[in-house]
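Student: I am new to this structure. Please give me a close look at the contact between the chains, and then follow one part of it further.

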Amino acid sequence: MQSITVDDLVVVRGGVSVLDHISFKVPAGSVTGLLGPSGSGKTTLLRVIVGVQRITSGAVTLLGRPAGDARLRHEVGYTTQAPSVYPDLTVAENIRTHATLHGLGRDAVDEAITVVGLAEQADRLVRTLSGGQVNRVSLACALVFKPALLLLDEPTVGLDPVLRRDLWALFASLAADGTTLVVSSHVMEEARRCDRLLLLREGRLLADHTPEGLRAVTGTPDLDEAFLRLVEHGEEAA
Amino acid sequence: MNPRLVLATAARVGSQLRRDRRTLALLIVVPCVLLWLFSELFADAPFIFQRLAPALLGVFPFISMFLVTSVAMVRERTSGTLERLLTTPLGRGDLVLGYGLAFGVLALIQAAAACTVALVLLDMDQPASVPVLVLVAVANALLGTALGLGLSSLATTEFQAVQFLPAVVLPQILLCGLIVPTAQMAGWLDAISRAMPLRYAVEAMTTLTGAPTVDSRVWVDLAIIGGCVVVALAIGATTLRRRTA
């Protein structure tokens, strides 16, 4: 079953083509890595899927409904690249704000706090946390209502290797439970943890593969190298 | 519109306000200190203070709530929290009403403090009804909040939001009847003033303090202020765009 279908998507902003005829499908219960250099259109693509970006043409369908449909707001969790949380509220208050919007109570809040490993910081003001901790507060706000679809824009930026490993383990377990995740990153090292990879460059989809498929197509075991080869040889390699 | 979501938003904004002790103190103390300064300034001409004080009780909550609200909304926008909220089941009306409710409660505290200082410590003439006086002050605060919400979509930075104060608020202060009574203004100035909601706020306040009973004019003014609040909130809700370029 497909969770997300993107069909011939074009976004032109201020006369500049940001996303150029993009099509792909994301299967349910998987982790899809959205990779590409900074400025390649990853954030714009996520914003299109979550329904806050005006599009020029094309069609985007989530769980059988057009992107931005009001009924999807109970199904889609989204974190922006800069953690969009309230620095003047505590960790628990931030997450409670989102839980309440979905009609959930204390149990859901406590569970989300535990899942992101912030139980000890629950009553601290977000302002006093480290960058990596703030990121996890933002993530917990998206997780708290157990959405069917999670769209995470660079959730692992600024995290140490241990936390990064733990988060990817969390993503895998969420996917195993049926959640569909799209995770953007500009770190190719994270690509091997994904079920599928979408490689963007300058608004074009360079590749849509499993990590193994990408290695096979580019003839290198190293994903970093694979990406460089794709970028240098243009789309024909994909 | 969903009452649960309105209350959730109001509670969240309220928690943020409670943490910001300095802003709270400034919002509550500054109007009281300014009223005292006015009374000292006109110590030799108390009738001037008696004319100004009720008008000021209407103007202060309007200014402070306008500023606080527009900056708060711009902050939601620039921090990305607004975009995120709009991907949740929270409706635009829920958000705007939640803000209005939270700042309305704050306005009630502010108005109560300023009215107490004016009536008890500064010997302002007793109004026809103290509760109605506080009601008008709170309505003015809500007017400030509503205009702040309505205009916040025009500002992309906090700097711009603050500049709306001289652009939107100062003309109203000049023409609302505080400095020159509206009856003594040139006809065209009076006509402009009639299009400004603050005029009705000041009119209601001065009518209240100049009479032994609540004149029906006060209720008309309150209705006009209420209408302006509704229109501004509606503008605020419709200019919140879920989808942006």
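Tutor: Chain A gives 23 residues to the contact and chain B gives 21 residues; two residues are in contact if their C-beta atoms, placed from the backbone, lie within 7 Å. On the side of chain A that touches chain B, E6 and helix H2 (91–101) each supply at least two residues. H2(A) provides the largest share of that side, five residues. By type, that side holds eight nonpolar, 10 polar and five charged residues, where Asp, Glu, Lys and Arg count as charged, Ala, Val, Leu, Ile, Met, Phe, Trp, Tyr, Cys and Pro as nonpolar, and the others, Gly among them, as polar. This is a predicted model, in which local features need pLDDT of at least 70 and side-chain atom pairs count only at pLDDT 80 or more, while totals for chains, interfaces and linings use all residues. Residues are numbered from 1 along each chain as its sequence is written, and chains are lettered from A in the order in which they are written.

Let us follow E6 into its sheet. Helices (H or I, at least four residues) and strands (E, at least two) are DSSP runs, numbered from the N terminus. The open sheet has six strands in the order E6-E7-E8-E3-E9-E10 (chain A), with mixed pairing; strands pair if DSSP finds at least two bridges between them. Strand E6 (76–79) and strand E10 (204–209) of chain A are its edge strands, each pairing on one side only. E6(A) runs parallel to strand E7 (residues 149–153) of chain A, joined by four bridges. A:Gly77 has A:Leu150 in E7(A) as its bridge partner. Helix H4 (residues 131–143) of chain A lies across E6 and E7 of chain A, at about 170° to E6(A); such angles run from 0 to 180 degrees between N-to-C directions of axes fitted to C-alpha atoms, for helices over the stretch in contact.
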